[in-house]
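Me: Hi! Could you walk me through this one while I have it open?

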Amino acid sequence: MPELPEVETIVKRLTTGNGAQTSLVGLTVQNSLVLWERTLAEPDLTEFHQRINGQQVVGISRRGKYLVFSLSADYLIIHLRMSGDILIAEQREALDTYARLVIDFEHSLRMTFLDPRKFGRAWLVAEKHTILGALGPEPLDEAFTPNLFYNQLQRYRRQIKPLLLDQTFLAGMGNIYTDEALHMAKIHPLTRSNAISFDLAQNLLQCIQRVLRQAIERHGTSIDWIYRGGDYQRSLRVYGRTGSPCPDCATPVERILVGQRGTHFCPVCQPAPA
DNA sequence: ACGAGCGCCTGTCGGC
DNA sequence: TGCCGACAGGCGCTCG
């Protein structure tokens, strides 16, 4: 799915309006359409249509991998999961094959939540805390210091990769950027979190932030058949590069399964824990 | 506490 | 060509 940089890219596109596209901020919802019922997690269909119609978009933001639309009275929260994307188009255009949720605004604008795999979810809630409350800190938040990170790592005896993917531990990391950050920090994905020294933790946090910032600058990563316009895929060090030379030492990149997720690393730069 | 396994879905790709 | 398994940017659940 879109990870933090991809969601951040989408938020910027929806907020500032890119090129010919208009910003959604300030627009009022005129109509809504749910094409795949399970996409709407809350509330039920009838209440959703009644409540969202007539509400104005006050702001659009991101928390972890969640898209957060602040409306006049509620929050529309969308999680894109594996294959979701947001499309802005004119209402006169044909609906996309993978349209799951459609919101029509004034000026004939239409926002479509596309999601081939149907894993994505949308919520319309009065309190965003009910959906976002359990999320861990934002990795790019200045208040998230090396000290805090180190102390949190020490609290668990977990493999570092699944821990970084745990959204209640840290919000926004996904499979791509976790592999990239661990390679940059020269840490093996199976390293126990409490075995990481303060210096290593500080460096890992810097690597996480560097990878995320660079990916945001490149507008995210475009892989598979879903093209989002980003080109960070050209900068990937290990993700999806099984058998290709490590950019630092030329050893072939290896792939293992960690927590059911494909995991890419350099066996030389990231030596296995004792 | 921690991790494995599975379900949710559709699409792509490589091997035979 | 057709079929079949593996795999895919995520996460919630159950079970040891």
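**Salt bridges and the domain contact**

Reply: Happy to. Aspartate 85 is buried, since its relative accessible area is 13%, and buried means under 20%. Bear in mind that this is a predicted model.

Me: Which residue does aspartate 85 meet in a salt bridge?

Reply: Its side chain meets that of arginine 13, at 3.8 Å from N to O. Aspartate 85 sits in strand S6 (residues 85–90) and arginine 13 in helix H1, 72 residues apart, so the pair links distant parts of the chain.

Me: Nice. What about arginine 62, which residue does that one form a salt bridge with?

Reply: Glutamate 8, with the closest N and O atoms 2.6 Å apart. Arginine 62 belongs to strand S3 (residues 57–63) and glutamate 8 to helix H1, so this pair ties together parts 54 residues apart in sequence. Both residues are buried. They also belong to a salt-bridge network with Arg63 and Glu138.

Me: How many salt bridges are there in the whole structure?

Reply: A search finds 13. Another one of them joins aspartate 231 and arginine 234, at 2.8 Å between the closest N and O atoms. Aspartate 231 is buried at 17% relative accessibility, whereas arginine 234 is exposed at 68%.

Me: Switching topic: what are the domains in chain A?

Reply: The assignment gives domain 1 (4–132) and domain 2 (146–265).

Note on methods: Residues numbered from 1 in each chain as written. Chains lettered and ligands numbered in written order. Predicted model: local features only at pLDDT ≥ 70, side-chain atom pairs only at ≥ 80, totals over all residues. Heavy atoms only, no water. Domains from an automatic or database assignment. Salt bridge = Lys/Arg side-chain N within 4 Å of Asp/Glu carboxyl O. Helix = DSSP H or I, 4+ residues; strand = E, 2+ residues; numbered from the N terminus. Buried < 20%, exposed > 50% of the residue type's maximum accessible area, 1.4 Å probe, protein only.
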